[in-house]
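Me: Could you walk me through this structure, one feature at a time? I would like to learn how each one is read.

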Amino acid sequence: MGQRNHIPGSIQPHGVLLVLSEPDLTIIQVSANTPSLLRRTPQELLGQSLSLLLEPEVLANLRESLASEPIEENPLYLLSLSLGHEGQLFDLIAHRIQGVLILELEPSTQSDQSMILRIYRMVRGAVTTCQRAPTLRAFAQTLAGAVHKLTGFDRVMIYQFQPDGCGVVIAEEKGAAFESYLDLHYPASDIPRQARALYLRNWLRIIPDVTYQPVPMLAITAQHPSIPLDMSYAALRRVSPIHIEYLINMGAKASMSISLIKNGQLWGLVACHHHTGPHYLPYDIRAACEFLGHVVSLQIGDKEAAEEAADTIAFQGIQAALVQQMSVANDVVAGLTQFTPNLTNFIDSGGVAVCLEGQHVLMGTTPPEAVVRELIEWLGQEVQDTIYATHALPQHYPPITPFTAMASGLLAVRLDRTRPNYLLWFRPEVIQTVRWAGNPTKPVEIHAGSAILTPRRSFEVWKEHVTQTAIPWRGCEVTAARDLRRAIIDLVLYKVEELSRLNDELTRSNIELDSFAYVASHDLKEPLRGLHNYAHFLIEDYGNKLDADGKEKLMTLVRLTQRMEALIDSLLHYSRVGRAELTWIEADLHAELNDVINLLAPRIQESGVEIRIPHPLPRVRADQARVREVFSNLIANAIKYNDKPDKWVEIGVTCLDSEENGPHYLFYVRDNGIGVPEEHQETIFRIFKRLHGRDEYGGGVGAGLTIAKKIVERHGGTIWLTSHVGEGTTFWFTLSRVDASLPMPGRTAVEYL
C-alpha cells in the first residue's frame with residue numbers, strides 16, 4: 001500500500017501547511033508550494049519564527065487564540081489574515097498533534113455578511129426539517145437535499161454502512177443529467193478499514209480537484225529531519241492515489257465527504273461528487289457542512305429508535321388483539337389463527353405454523369405438515385433457546401433445502417421447554433437482485449507480486465443473486481415474538497389459576513350442597529313419618545265413620561308419604577356418598593360381583609334374565625362397598641328396563657394402556673334391553689330424572705344412576721354409556737385409582753342362570 005494514508009508526506013496544492021515548534025513558533029516543516037501562495041521560498045521560512053510572516057498584532061492575536069482554544073487533534077478556524085506583498089487574505093486553521101503545531105493557510109473566499117446569514121438560515125432549516133422527517137429514509141433525503149443546496153455539488157449521496165461492512169446509497173440529490181446511484185451497494189473493500197478510521201477522526205474531507213499534483217513537505221535537514229507527520233486532522237492532507245483513481249473512474253472532478261457518526265461508530269457518509277469541473281468550497285460553507293454533520297449525527301439514533309418504536313407500537317396493538325381473541329375463544333390455537341388479525345398479520349412472513357399439543361395449523365405458504373413436524377423435532381433437539389431466528393435456514397438445517405422457496409428464513413418461538421409447542425414464521429427465498437457498483441467478489445488485483453486494492457474500471461451494475469437466503473429478521477421482530485410468547489404463557493397461567501379457583505369454589509359448593517341435602521333430608525323424615533302415622537290412625541280409628549271417597553283420599557295420602565320418604569331416603573343416601581370418606585382396600589371385584597348377584601337372585605329368577613361374565617373381574621384398590629353399589633344399580637337397571645323374551649346382562653372388563661392414563665381397567669355392564677335415546681343419554685344421570693312414568697318398568701325414584709356416577713367420580717373415574725333404542729345399552733366406567741398391575745384372578749368365569 002506504500003505510505004500510510006494518515007502519514008502521506010504531501011498535501012493538496014490549494015493551501016499551505018506549516019509545522020511549528022512551541023512556544024517559540026519556529027517553522028520546522030513547510031509545504032513546497034509557499035512561493036506561489038506566500039511569495040516566499042521554503043528555505044526562507046524553515047528555521048524562522050512565524051513572526052517572519054505575521055505582523056506583531058496579528059501574531060499576538062494568534063497566540064491568544066492558541067492559548068484559549070481546544071485544538072488538540074481538533075482543527076479550528078482561528079482568524080483571517082493578510083499575507084504577502086499583495087495582501088492576499090488567508091483563512092488560518094490550527095491544531096496540535098504529536099507535540100507540534102500545524103497551521104493550514106487557505107486563500108480566503110469568506111462570504112459577506114448577507115451570505116453568512118443565508119448559510120445560517122439554510123443550516124437551521126435543514127436541521128429543523130431533518131428533525132421532523134417521519135422515517136430514516138425521509139431524514140436522509142432531507143439531509144442530501146440540504147447539503148446539495150448548500151454546497152452546489154452535482155451529486156450528494158447518503159451512504160449507510162451495513163452490518164457486513166458494505167455500503168448502500170439510501171438517499172440521493174443530483175442533477176437531472178446524471179445517472180442515479182440510489183440503492184447501489186458498494187463492497188466493504190471500497191472504503192477499507194484504515195480509511196474508515198480517518199473518517200471517524202476527521203468529520204470532513206474535501207478534494208477540490210481530483211487532478212491535483214501533490215505538494216511535498218520539506219523540513220530543516222539538520223535540526224529537524226523529515227520525520228513522518230501524522231496528517232489525520234489536516235484538511236490539506238494528500239488523498240490516497242487509489243481513491244483518486246476511484247473517483248476518476250466515476251467521472252468525478254471534485255469530492256467532499258461528511259462523516260455521520262452514531263454512538264462513536266461510523267454509521268455512514270454524506271458523499272458529494274462534482275462532475276463538471278473542480279469545485280472549491282470556502283471555509284465558512286465547509287464549516288457549516290461539518291456542523292450539520294455533527295447535528296444530524298445526534299439525530300440518527302433518535303430516527304432509528306423512532307422507527308423501531310413505531311413498529312413496536314404496531315406489534316403491541318396486534319398482540320393485544322391476539323391475546324383478547326385467545327381469551328374470548330378460550331383457545332390459544334383458535335385465537336391465533338381463526339380471527340383477524342392473526343399470526344400472519346403479526347410479523348411479516350410468507351407463512352405461519354402453530355404447533356400446540358399435537359395440533360398443527362398451517363397458514364400461508366409453508367412446507368408440508370410432515371416437514372414441519374420433522375423441523376420441530378430438530379428444533380427440540382438442537383436449539384436450546386426459546387427464540388430462534390435465521391435468514392439462511394438451509395445452512396443450519398439441510399433437510400429444508402427442497403423447500404427453500406418458501407422456508408429459507410425461520411423465526412421459531414418455543415412456548416414450552418418440556419413439550420414440542422412452537423410458533424413458526426417462514427420467509428421465502430429472496431433471489432435478492434442487489435445493485436452492486438462493480439463485482440464485490442473481485443475487490444483485489446495482484447500487482448508486482450503483492451495484493452493491492454485497485455478500483456474497478458467500470459461501474460456497470462453487477463447483480464449478485466443470493467440463493468437459499470431470506471430477508472433477515474429485524475431486532476424488533478424478534479423482540480415482538482418474544483413478547484408474544486410471554487403474553488401467551490401469562491394468559492395460559494391465568495386460565496390455569498382461574499380454573500383452579502373455579503374448581504375450588506365448585507368443590508366447596510358441592511360439599512355445602514351435600515351437607516344441606518343431608519340435613520334437609522334427615523330433618524324432613526320426622527314430620528313426614530308423623531303424617532304417615534296419623535293417616536293410618538285416621539283410617540283405623542275413624543274408618544267406620546268415613547265414606548268410601550274419604551277412605552280413598554286417606555289411602556292416597558299414605559301412598560304419597562311413602563313415595564316422599566323414598567325420595568328423601570335416596571337424597572340422604574346421595575348426600576352420604578358425597579360426604580363420607582372412602583375406605584381404600586385391595587378389593588376383589590369378582591367376589592363383590594358374586595355378592596351383588598346373590599342379593600339380586602330373586603329378581604333374576606323372576607325375570608328369567610341370563611347373567612353373563614366372560615372373564616373374572618380383577619382385584620383393585622377401591623372402596624368395595626361403594627363399587628358393589630355401582631354394580632348393583634347398573635345390573636338392577638339392566639334387568640328392569642328389558643322387555644325382550646330372552647333377556648341377558650353381561651358384566652365384563654378390559655385392560656387399556658394409554659400415554660395419558662397409563663394402564664387401567666375399563667368395566668362395563670351390557671344388556672339387550674329397551675335402550676336409551678341419544679338425546680337422553682346425558683340427562684339420565686341427573687337425580688330424580690326418569691324417562692318413563694312413575695309406575696312403568698317397576699317404578700323407582702330415579703336416583704340410582706346419579707349415585708353410581710357420584711361413586712365413580714369419587715374414585716377418580718368416569719362413567720358413560722353407548723346405546724341403541726330397542727337393541728340394548730352398555731354402561732362403561734373406569735376407576736382411575738385402580739392398580740392395573742394387580743393380576744387378574746385365576747378363577748374360571750361363572751355363568752349364572
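Reply: Let's begin with the largest pocket, whose lining takes at least two residues from each of helix H5 (136-151), strand E7 (155-161), strand E8 (167-174), helix H8 (283-329), strand E19 (432-437), strand E22 (461-466) and helix H14 (475-542). Helices (H or I, at least four residues) and strands (E, at least two) are DSSP runs, numbered from the N terminus. Please keep in mind that this is a predicted model, where local features need pLDDT of at least 70, side-chain atom pairs count only at pLDDT 80 or more, and totals for chains, interfaces and linings use all residues. Residues are numbered from 1 along each chain as its sequence is written, and side-chain values use heavy atoms, with hydrogens and water left out.

Me: How is a pocket found, and which element gives the most to the lining of the largest pocket?

Reply: Rolling a probe the size of a water molecule over the atoms shows where empty space is left. On a 1 Å grid over the protein atoms alone, a pocket is an open set of points with protein on both sides within 12 Å along at least five of seven lines, a cavity is a set where a 1.4 Å probe fits but cannot get out, and lining residues have an atom within 4 Å of a point. Grid points are joined across faces, edges and corners, and a volume is the space filled by probe spheres set on the points. Here the largest pocket holds about 1,100 Å³ of space. Its lining has 30 residues, with Gln160, Gln162, Pro163, Pro472 and Arg474 the closest to the centre. H8 gives the most, five residues.

Me: What lines the second largest cavity?

Reply: That cavity, with a volume of about 40 Å³, is lined by Leu379, Val383, Asp385, Thr386, Tyr388, Ala412, Val413, Arg414 and Tyr422. Strand E17 (residues 409-414) supplies the largest share of this lining, three residues.

Me: What does phenylalanine 667 touch?

Reply: Contact means heavy atoms within 4.5 Å. Setting aside neighbours within four places in sequence, the partners of phenylalanine 667 include Leu589, Phe631, Val653 and Phe733.

Me: How do I read the sides of H16, and which of its residues are buried?

Reply: Look down the axis and take the arc of the directions from the helix axis to the C-beta atoms. In H16, Leu589, His590, Glu592, Leu593, Val596 and Ile597 are buried. These buried residues fall within an arc of 160°, so they line one face of the helix. On the face turned away from them, H16 carries the exposed residues Asn598 and Leu599.

Me: And the protein as a whole: how many helices and strands are there?

Reply: There are 19 helices and 29 strands. Of the 753 residues, 48% are buried.

Methods
Buried means under 20% relative accessible area, exposed over 50%, partly exposed in between (1.4 Å probe, protein chains only).
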